[in-house]
Amino acid sequence: MITGPDLATLRAALRAIQRDLDVEQPGTGRLRLVGTEAGMFVALPDGRYWPGRAVVADGEFTETVARVAEAAQECLAEILWKTWPRCPEHETGLRVGRRDSGSDGPAWECALDGGHTVAVVGELGRAARPRAARPGMRVSDGPTTGRLAQTDRQLLDDQLPDEQLPEDEAQG
Ligand SMILES: [Zn+2]
């Protein structure tokens, strides 16, 4: 059973997750909590939720933040097929790392390069951001087809002078 204080704690945790979501996936909208007979779940703005992981608010607040973060990840992955968040350096999906109590709380961690911490959960906006996630670029723009096409053209233009160059030099 969810008591008032528990709900307030879950909401506070979800606000931290929402900050991180707004940084990288601003088009997703505001996540919600839904109460069901099976417990509380993190849901998408339209109410859809993944019933795999009920969230509870017992224990330390940092643990609650970690659970809600994982539930949000699962919800986005299972329903929207979105890997979130991603490492700004490696573009791989991050996982929630529990750390010692007394630290700033759980953090987004990347498994590559021997493992590194990207940001404390709720402070992803302070981490270096990849080009594709800068403000002004809408996530709903989808695949960067236009940009890739431009890059291909750029490469082609760059190659033409190089291919002609040796011939010119040979004649000179
Ligand atoms: Zn990384």
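Among contacts in the protein chain between residues at least 6 apart in sequence, what percentage join residues at least 24 apart? The value is 46%, where two residues are in contact if their C-beta atoms, placed from the backbone, lie within 7 Å. The structure is a predicted model, in which local features need pLDDT of at least 70, side-chain atom pairs count only at pLDDT 80 or more, and totals for chains, interfaces and linings use all residues. Residues are numbered from 1 along each chain as its sequence is written.

The protein chain contains three helices and five strands, these being DSSP runs numbered from the N terminus (helices: H or I, at least four residues; strands: E, at least two). Their order from the N terminus is α-β-β-α-β-β-β-α. Of the 172 residues in the protein chain, 26% are buried. A residue is buried if 20 or more other C-beta atoms lie within 10 Å of its own, exposed if 12 or fewer, and partly exposed in between, with C-beta atoms placed from the backbone.

Helix H2 comprises 20 residues, 61-80. From first C-alpha to last, H2 reaches 27 Å, close to the expected 28 Å, the expected span being 1.5 Å times one less than the number of residues. Buried residues of H2 include Thr 62, Val 65, Val 68, Ala 72 and Leu 76. The cover over the buried residues of H2 includes helix H1 (4-24), strand E2 (39-43) and strand E3 (95-97).

The axes of H1 and H2 come within 9 Å and cross at roughly 60°; axes are lines fitted to C-alpha atoms, for helices over the stretch in contact, and angles run from 0 to 180 degrees between N-to-C directions. H1 is therefore oblique to H2, since angles under 35 degrees count as roughly parallel, over 145 as roughly antiparallel, 65 to 115 as roughly perpendicular and the rest as oblique. In this contact, Thr 9, Leu 10, Ala 13, Leu 14, Ala 16 and Ile 17 of H1 meet Phe 61, Thr 64, Val 65, Val 68, Ala 69 and Ala 72 of H2. The residues of the contact divide into 10 nonpolar, two polar and no charged (Ala, Val, Leu, Ile, Met, Phe, Trp, Tyr, Cys and Pro count as nonpolar, Asp, Glu, Lys and Arg as charged, and the others, Gly among them, as polar).

Most residues other than glycine have a negative phi, and most peptide bonds are trans. Trp 81, in the loop between H2 and E3, has a positive phi near 55°. Trp 81 counts as exposed because it has 7 C-beta neighbours inside 10 Å. In the loop that holds Pro 85, between H2 and E3, a cis peptide bond joins Trp 84 and Pro 85, with omega about -15°.
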